[in-house]
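Reader: I want to learn how to read a model like this one. Can we start with the ligand?

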Amino acid sequence: MKIIITGAGGQLGYDLKRVLSPKHEVIAWDKAKLDVSQEHEVMQRIVTERPDVVVHAAAYTNVDRAESEKEAAYHVNALGALHLANACLIVGAKLVYVSTDYVFDGTKRSPYDETDTPNPLNSYGQSKLLGEKFVAMTCRRHFIVRTSWLYGQKGTNFVTKVLEKARTNATLSIVDDQFGSPTYCLDLAIFIRSLIETDHYGLYHASNQGVCSRYEFAKHILEAAGMAHISLNAVPTHAFPPAPAERPMYTAFAHKAMQSSGFARMRDWKSALDFFLQVEYYETAVKAKKVTDIW
Ligand SMILES: NC(=O)c1ccc[n+]([C@@H]2O[C@H](COP(=O)([O-])OP(=O)(O)OC[C@H]3O[C@@H](n4cnc5c(N)ncnc54)[C@H](OP(=O)(O)O)[C@@H]3O)[C@@H](O)[C@H]2O)c1
């Protein structure tokens with residue numbers, strides 16, 4: 001298949017590129033190559049390339065800044081998705097829209113499945129939810145893939161932040177009242193690869209299996225990286241100054257649609273994190289000559 005990836009310069013985009021090629025013909029567009037908020041440009045580029053599939057991983061992802069830049073977040077996350085959905089409809093392409101656990105308010109306190117009603121608490125979540133609606137209304141051949149707590153080899157994420165902080169601090173304070181499902185970008189990209197080879201369209205919750213708090217996540221990161229000597233303080237969210245964007249306190253996922261459509265569920269979050277740290281992160285650190293500091 002001929003597959004276009006948007007947001008190819010991001011952390012998920014990086015893993016999508018390496019998982020989808022060489023089996024498929026992959027055209028990877030970062031923001032410089034395609035700004036998804038530009039309606040005419042999106043239509044013209046998609047009509048020219050006539051892909052079989054578009055995997056839309058581009059997004060305005062700065063959750064806090066989205067509060068003061070609401071319009072920018074809506075242009076990219078909501079209207080960008082609409083432009084791609086319109087273009088995919090014209091050329092008959094399948095569209096994967098990657099969405100977020102932040103469409104939920106976190107009050108359920110048990111894993112969210114695809115039938116639960118979204119109620120985003122912040123502008124980022126609202127703009128992503130509107131993007132979902134545009135995609136669902138416009139392009140019949142769509143997959144909406146909600147994911148959560150992403151980390152991977154490229155970019156800055158919770159895992160790399162904890163390791164970076166641990167290099168210079170003997171003690172870290174991590175919140176123990178926010179719960180979710182960590183997701184390894186590589187595993188998500190592998191799921192998306194199997195998804196696009198089917199016509200099981202619709203909404204999916206896709207994360208590594210299991211639930212943890214940010215504190216438990218950080219504890220396992222340090223243990224798996226051989227840094228268990230760093231002391232961790234479990235603190236409530238209100239111990240920190242309030243962030244501009246309110247976060248949902250619980251966004252773990254149940255994977256009902258994956259199971260009912262016959263897809264293998266992803267491995268559990270600890271196994272995925274161990275693999276990432278012991279194989280991928282280690283290799284990157286060696287290349288960057290940071291390994292003596294962190295291992
Ligand atoms: N990260 C998470 O924890 C998380 C959790 C749940 C869902 N998601 C979703 O997962 C997807 C992938 O996220 P990610 O973590 O890979 O994010 P990321 O690393 O921030 O990648 C997003 C990419 O989109 C690009 N982009 C921004 N505006 C654009 C525009 N107008 N046109 C084209 N590209 C644009 C960004 O470029 P610049 O950096 O140059 O702006 C960036 O390279 C997103 O849909 C996100 O909403 C992420």
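Author: Start with the polar contact: a pair of N or O atoms within 3.5 Å. Keep in mind that this is a predicted model. Here, a backbone N or O atom of Gly-10 lies 3.2 Å from an oxygen atom of the ligand.

Reader: Which side-chain atom lies 2.7 Å from an oxygen atom of the ligand?

Author: A polar one, from Thr-61. Val-98 takes part through its backbone instead: an N or O atom there is 3.1 Å from a ligand oxygen.

Reader: Now the backbone. Where is the cis peptide bond that involves Pro-22?

Author: Check omega. Ser-21 and Pro-22 are joined by a cis peptide bond, with omega about 10 degrees. Pro-22 belongs to the loop between H1 and E2.

Reader: And phi? Which residue has a positive phi of about 45 degrees although it is not a glycine?

Author: Trp-149. Its loop runs between strand E5 (142-147) and E6. Trp-149 counts as buried because its relative accessibility is 10%.

Reader: What about Arg-109: what is its phi?

Author: Positive, about 70 degrees, and Arg-109 is not a glycine either. Arg-109 lies in the loop between E4 and helix H5 (123-138). Its relative accessible area is 46%, so Arg-109 is partly exposed.

Reader: Back to the loop between E5 and E6. Is Ser-148 buried or exposed?

Author: Buried, because its relative accessible area is 2%. Ser-148 is in that E5 to E6 loop. A polar atom of its side chain lies 2.6 Å from the backbone oxygen of Ser-181.

Reader: Which residues does Ser-148 touch, not counting those up to four places away in sequence?

Author: Asp-101, Ser-181, Pro-182, Thr-183, Ala-206, Ser-207 and Phe-253.

Reader: Last topic: helix packing. At what angle do H6 and H8 pack?

Author: Read the angle, the axis separation and the handedness together. H6 (residues 158-168) and H8 (residues 214-224) pack at about 65 degrees, with axes 10 Å apart. Their crossing is right-handed. H6 brings Phe-158, Val-159, Val-162, Leu-163 and Ala-166 to the contact. H8 brings Arg-214, Phe-217, Ala-218, Ile-221 and Leu-222.

Reader: How many of the contact residues are nonpolar, polar and charged?

Author: Nine are nonpolar, none is polar and one is charged.

Reader: Which residues of H8 are buried?

Author: Arg-214, Phe-217, Ala-218, His-220, Ile-221, Leu-222 and Ala-224.

Reader: Where does Gly-226 sit, and what is its phi?

Author: Just after H8, with a positive phi of about 70 degrees.

Methods
Residues numbered from 1 in each chain as written. Predicted model: local features only at pLDDT ≥ 70, side-chain atom pairs only at ≥ 80, totals over all residues. Heavy atoms only, no water. Axes fitted to C-alpha atoms, helices over the stretch in contact; angles between N-to-C directions. Helix = DSSP H or I, 4+ residues; strand = E, 2+ residues; numbered from the N terminus. Left-handed = near helix turned anticlockwise from the far one by under 90°. Contact = heavy atoms within 4.5 Å. Nonpolar A, V, L, I, M, F, W, Y, C, P; charged D, E, K, R; others polar. Polar contact = N/O pair within 3.5 Å; in protein donor to acceptor, adjacent residues only side chain to side chain. Buried < 20%, exposed > 50% of the residue type's maximum accessible area, 1.4 Å probe, protein only.
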